[in-house]
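Subject: Structure for you to look at

Hello,

Here is the structure I said I would pass on. Please open it and keep it beside this message while you read the notes below.

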Amino acid sequence: MPNLHCTHCGEEGLEAGFIRDSGENSPGFARWVEGALERGIFGGAKLMGRPKWEIDAYRCRYCYHLELFAPRRA
């Protein structure tokens, strides 16, 4: 994503990274799931049939604010 700037302090030069998901059976990266959180009978999130998107994360080098984007499906 070109020309990203921090929405908190306005500086440019965001550093690319990712949000790690280390849960059981996780692919190692977090995903954004469409819709409000609904829990199943065992307390986990209901995910079946819901669109999921990979999260791109960027960190401001000046104020350390995180900017998250979900530009593509997981």
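This is a predicted model: local features need pLDDT of at least 70, side-chain atom pairs count only at pLDDT 80 or more; totals for chains, interfaces and linings use all residues.

Strands β1 and β3 pair in the antiparallel sense, and 3 bridges hold that pairing.

Trp53 has Arg73 in β4 as its bridge partner, and the bridge partner of Ala57 in β4 is Leu68.

β3 and β4 form a hairpin, with 6 residues between the two strands. Which residue in the turn has a positive phi? It is Tyr64, with a phi of about 70 degrees. Most residues other than glycine have a negative phi. Tyr64 is a residue other than glycine, and its phi is positive. Tyr64 sits in the loop between β3 and β4. The side of the question that concerns solvent is simple: Tyr64 has a relative accessible area of 54% and is exposed, because the cut-off for exposed is over 50%.

The salt bridge

How many salt bridges does the structure hold? The count is 1. Side chains of opposite charge can pair when their charged atoms come close. In this model the partners are Arg59 and Glu15, and their closest N and O atoms are 2.5 Å apart. The pair links distant parts of the chain, since Arg59 is in strand β3 and Glu15 is in strand β1, 44 residues apart. Are these two residues buried, partly exposed or exposed? Arg59 has a relative accessible area of 30%, so it is partly exposed. Glu15 is also partly exposed, with a relative accessible area of 30%.

The nonpolar patch

Ile19, Leu66 and Leu68 form a nonpolar patch on the surface. Together they have about 250 Å² of accessible area. Leu66 belongs to strand β4, which covers residues 66-73. The relative accessibility of Leu66 is 46%, so it counts as partly exposed.

Two loops

Ser22 is found in the loop between β1 (15-17) and β2 (31-33). Its relative accessibility is 54%, so Ser22 counts as exposed. Ser22 and Ala57 are 35 residues apart along the chain, and 16 Å separates their C-alpha atoms.

Ala36 is in the loop between β2 and β3. With a relative accessibility of 59%, Ala36 counts as exposed. The C-alpha atoms of Ala36 and Lys46 are separated by 10.0 Å, and these two residues are 10 positions apart along the chain.

The chain as a whole

The protein chain has 0 helices and 4 strands. Read from the N terminus on, its elements run β-β-β-β. Why does the protein chain count as more spread out than a compact globule? Its radius of gyration is 15 Å, whereas the globule rule gives 11 Å for 74 residues, and 15 Å is well over that. Along its principal axes, the C-alpha trace of the protein chain spans about 45 × 20 × 20 Å.

Of the 74 residues in the protein chain, 15% count as buried. The accessible surface of the protein chain comes to about 5800 Å², and carbon and sulfur atoms account for 52% of it. Among the contacts in the protein chain with a separation of 6 or more, 39% are between residues 24 or more positions apart.

Regards

Key
Residues are numbered from 1 along each chain as its sequence is written. Side-chain values use heavy atoms; hydrogens and water are left out. Patches are made of residues with over 30% relative accessible area and no salt bridge: like charges are joined within 9 Å, nonpolar side chains (Val, Leu, Ile, Met, Phe, Trp, Tyr) within 5 Å. Accessible areas come from the Shrake-Rupley method with a 1.4 Å probe; for residues, only the protein chains shown count as cover. A salt bridge is a side-chain nitrogen of Lys or Arg within 4 Å of a carboxyl oxygen of Asp or Glu. Buried means under 20% relative accessible area, exposed over 50%, partly exposed in between (1.4 Å probe, protein chains only). The radius of gyration is taken over C-alpha atoms; the globule rule is 2.2 Å times the number of residues to the power 0.38. Contact means heavy atoms within 4.5 Å. Two strands pair if DSSP finds at least two bridges between them.
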